[in-house]
Amino acid sequence: MSSTKNIFDDLRSEFDRLDEDKDGYITLKEFRAFHSKTTNDASAIAKAFAAIDSDKDGLVTFEEFQRAYKD
């Protein structure tokens, strides 16, 4: 199995874990719920979400999520 496939699978698993309602998008609420387990810095969480949400529609698609981790 190639390392690219492993990375894709890992990212897909992480995305699916964040997408609590399984609608194919990560919302700020879902992102915040996941990351609030490790930090109480709401501003940092919102900034990280905004950096991933490249089209600024308030929803992170898997493609945006993937791009964020490629950079």
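Me: Why does Thr61 count as buried?

Reply: Buried means under 20% relative accessible area, while exposed means over 50% and partly exposed lies in between (1.4 Å probe, protein chains only). Thr61 has 19% relative accessibility, so it counts as buried. This is a predicted model in which local features need pLDDT of at least 70 and side-chain atom pairs count only at pLDDT 80 or more, whereas totals for chains, interfaces and linings use all residues. Residues are numbered from 1 along each chain as its sequence is written, and side-chain values use heavy atoms, with hydrogens and water left out.

Me: Where is Thr61 found, and what is in contact with Thr61 once its neighbours within four places in sequence are left aside?

Reply: Thr61 sits in the loop between β2 (59-60) and α4, where helices (H or I, at least four residues) and strands (E, at least two) are DSSP runs, numbered from the N terminus. Contact means heavy atoms within 4.5 Å, and with neighbours within four places set aside, Thr61 has Phe15, Gly24 and Tyr25 in contact. Ser43 is 18 residues from Thr61 in sequence, and their C-alpha atoms are 21 Å apart in space.

Me: What makes Gln66 count as buried, and which residues does Gln66 touch beyond four places in sequence?

Reply: Gln66, a residue of helix α4, has a relative accessibility of 17% and therefore counts as buried. When residues up to four places away are not counted, Gln66 touches Phe8 and Leu11. The buried residues of α4 are Phe62, Glu64, Phe65 and Gln66, and what covers them includes α1, β1, α3 and β2.

Me: Why are α1 and α4 called oblique to each other?

Reply: The axes of helix α1 (residues 3-18) and helix α4 (residues 62-70) come within 10 Å and cross at roughly 125°. Such axes are lines fitted to C-alpha atoms, for helices over the stretch in contact, with angles from 0 to 180 degrees between N-to-C directions. Angles under 35 degrees count as roughly parallel, over 145 as roughly antiparallel, 65 to 115 as roughly perpendicular and the rest as oblique. The two helices α1 and α4 are therefore oblique. The residues that make the contact are Phe8, Leu11, Arg12, Glu14, Phe15 and Leu18 on the α1 side and Phe62, Phe65, Gln66 and Tyr69 on the α4 side.

Me: What makes α2 oblique to α3, and which residues make their contact?

Reply: Helix α2 (residues 28-35) packs with α3 at an angle of about 130°, their axes being 10 Å apart, and that angle makes α2 oblique to α3. Leu28, Phe31, Arg32 and His35 of α2 make the contact with Ala42, Ile45, Ala46, Ala48, Phe49 and Ile52 of α3.

Me: Which residues make up the largest nonpolar core?

Reply: A nonpolar core is a set of buried Ala, Val, Leu, Ile, Met, Phe, Trp, Tyr and Cys residues joined through side-chain atoms within 4.5 Å. Here the largest one holds 11 residues, namely Leu11, Phe15, Leu18, Ile26, Phe31, Ile45, Phe49, Ile52, Val60, Phe62 and Phe65. The elements giving two or more residues to this core are α1, α3 (42-52) and α4. With residues up to four places away in sequence not counted, Phe49 touches Ile26, Thr27, Leu28, Phe31, Gly58, Leu59 and Val60.

Me: Why does Lys22 count as exposed, and where is its place?

Reply: With 55% relative accessibility, Lys22 counts as exposed, and its place is in the loop between α1 and β1 (26-27). Most residues other than glycine have a negative phi. Lys22, which is not a glycine, has a positive phi of about 55°.

Me: How do you know that Lys56 is exposed?

Reply: The relative accessible area of Lys56 is 54%, and therefore Lys56 is exposed. Lys56 lies in the loop between α3 and β2, and its phi is near 55°, again a positive value in a residue other than glycine.

Me: Why does Ser13 count as partly exposed?

Reply: Ser13, placed in helix α1, has 42% relative accessibility and so counts as partly exposed.
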